[in-house]
Amino acid sequence: MKPAAAERQSLRQRVSALRNLGPFLRQVWETSAPLTLATVVLRLARAVLPVAMLYVAKLIIDEVIGLGGGEFHDGLRQAWSRGALDHLALLLVTEFALALASDLLGRAVGFVDAVLSERYANLASVRLMEHAATLDLEDFEDADLQDRLERARRQTMGRSPLLGQLFGQAQDAVTVIAFGIGLVAYAPWLIGLILVALLPAFLGEMHFNAQGYALNFHWTPERRELDYVRQTGASVETAKEVKIFALAPFLIARYRHLADTFHRANRALAARRALWGGALSLLGTGGYYAAYGYLTWRTVRGDFTVGDLTFLAGSFLRLRSLLEGLLSGFSQVANQALFLDDLYSFFDIRPEILSRPGARAMPQPIREGFVFEDVGFRYPGAERWAVRGLSLEIGAGESIALVGENGAGKTTLVKLLARLYDPDEGRILLDGVDLRDYDLDELRAHIGVIFQDFVRYHLSAADNIAVGRIEARDDRARIEEAARRSLADAVIAKLPGGYDQMLGKRFGSGVELSGGEWQKLAIARAYMRQAQVMILDEPTAALDARAEFEVFQRFRELSEGRTTVLISHRFSTVRMADRILVLRHGAVIEEGDHASLLAAGGLYAELFSLQAEGYR
Ligand SMILES: Nc1ncnc2c1ncn2[C@@H]1O[C@H](COP(=O)(O)OP(=O)(O)OP(=O)(O)O)[C@@H](O)[C@H]1O
């Protein structure tokens, strides 16, 4: 798109983004009605004070000039006792009271706004997390969504400037009206002059804000990359590898390159903005001095008092800066409203994997088991099918092992089973009913999967197990039992803080575990979960041979009566299963028990003998 066209579009976008202000204000009101009301009332009161103060200042000047001709040689005390200064004193006290009130109101407004916008930001963050939790895994793997999420997150980080801006605008508008009324009473033509002087500056401001937003928008992916590179360059998770491979110079160069390009683009815009902004605001200043000169002449001629001149010149000056503020503020508000677009468009993303209305309850217990009927699935954006023509059965209470080379589709099968994705072709049945007809939360509650890339939570050891069934977080007995079953109890016994020991290096007292120790903890999650279907997708790769053997042996014994699926590349483990399914290119090519598969002399036999060869 040509820059001009992009900008026109962005201008339209900005005007249409103003529709977000309604929902925004509603949310602010929902955040706290009393605080919202308080800021409105306080600001209204504060809005009229500047005019009142300027007017009282005019009265003071006129009074002083009026008194100037009187006899005050006898000194202040006498003049005071004669009562000649009473009126002036009253005016001065009034001015002081007004100044005091304005200051106090300003502070009160600042306080209320700070509290309100912080509460709003917290509420928005919570809503963001809640909504993110409903989205599909597929959504998270989509770069466009990550961009939107990033922009939305930036919106909810810290206090939103929009709140103060918007209310400030309203307050200034009231002040402008008050000043305007004053001016109209004396010299209506001044208003016209102000508008003529300000319009060019306003249009310039709109133009540059539009460009600024377009630049930011355009750069979201790069900004995300910047954050990523910064994170990779300096974090606990990556430090080890960054050091060993001496990646720091590479990462720094990459960061520098990206940051420099962005900085250059930004700088060019800032320079143009400063140049044009300066030139356009000169117009406003010119207008002011023209008016000032004319007013001085009228005062000399005797049409206005000196007080009037001060009031008018002051009003003009204040009006000009207020209007300038209002116009540029409008442009900023439109800008912020555009960012709200990002937030709201994130909220508009709807998950596709949902429970149907009137969804079925999970069968308890599962009677028949799962049947994959000619299932095909392609990851979004991928050309290749991850699985296709996949047909298999997993009987209730059966223990299945999945075998296959890297990329054969084992993990994908598991993800389809847990409805992290829905098939593009074919269907998956549970007890004869399509998985999509079951209540999603219930289905997931009855399936426990421990993935190979399970998460190492920087939480306590107990919580690291409890995540398997977070509702039972306070059930220490259950957590300890799960740890015993997965052999994690011996790991925890060695920790200085036992079950309450913080793990990971992110927080102060954290202790790091070995890869295999983390895995034992992760496997404890499966026992914690006590689901009808338990799946271990290779979370055992780092266990030593004895530990893996023991872990799986126990897993089989302890999961007696449950449906279990094991994925492992170790045949010593795999052979424990009732039935083994061999996958290749996303389909089952062999199945049977260990002995029959060996006898068949197919892929299984080949992979087995390759591994056995290694041990000879
Ligand atoms: N999130 C994803 N997005 C796009 N493609 C993916 C994604 N995850 C896996 N794939 C692709 O799908 C295919 C099957 O992957 P899958 O993870 O199911 O294999 P696997 O059998 O579990 O392999 P491994 O033994 O290496 O764990 C692979 O070709 C992989 O490139």
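Reader: Where does UniProt put the feature "transmembrane region"?
Author: At residues 176–203 and 274–295, according to an unreviewed UniProt entry. Keep in mind that the model is predicted.

Reader: How far apart are the end C-alpha atoms of 176–203?
Author: They lie 20 Å apart. Residues 176–203 are 93% helix and 0% strand.

Reader: And what about residues 274–295?
Author: That span is 100% helix, with 0% strand. Its end C-alpha atoms are 31 Å apart.

Reader: Switching to strands. What is the strand order in the open sheet?
Author: S2-S1-S4-S5, with antiparallel pairing. The sheet has 4 strands.

Reader: Which ones are the edge strands?
Author: Strand S2 (387–395) and strand S5 (433–434). Each of them pairs on one side only.

Reader: How many bridges between S1 and S2?
Author: There are 6 bridges, in the antiparallel sense. S1 covers residues 369–377. Phe372 stands opposite Leu392 in S2.

Reader: What holds paired strands together, in general?
Author: Backbone hydrogen bonds, whether the pairing is parallel or antiparallel.

Reader: Which strands does helix H15 lie across?
Author: S1, S2 and strand S4 (425–430). Helix H15 spans residues 410–417 and runs at about 120° to S1.

Reader: Zooming out. Which domains does the assignment give?
Author: Domain 1 is 20–348, domain 2 is 360–446 + 533–616, and domain 3 is 451–530.

Reader: What separates the centres of domain 1 and domain 2?
Author: 60 Å, with the centres taken over C-alpha atoms.

Definitions and conventions:
Residues numbered from 1 in each chain as written. Predicted model: local features only at pLDDT ≥ 70, side-chain atom pairs only at ≥ 80, totals over all residues. UniProt positions renumbered as here; feature names shortened; annotations may be inferred. Helix = DSSP H or I, 4+ residues; strand = E, 2+ residues; numbered from the N terminus. Pairing = 2+ DSSP bridges. Contact = placed C-beta atoms within 7 Å. Axes fitted to C-alpha atoms, helices over the stretch in contact; angles between N-to-C directions. Domains from an automatic or database assignment.
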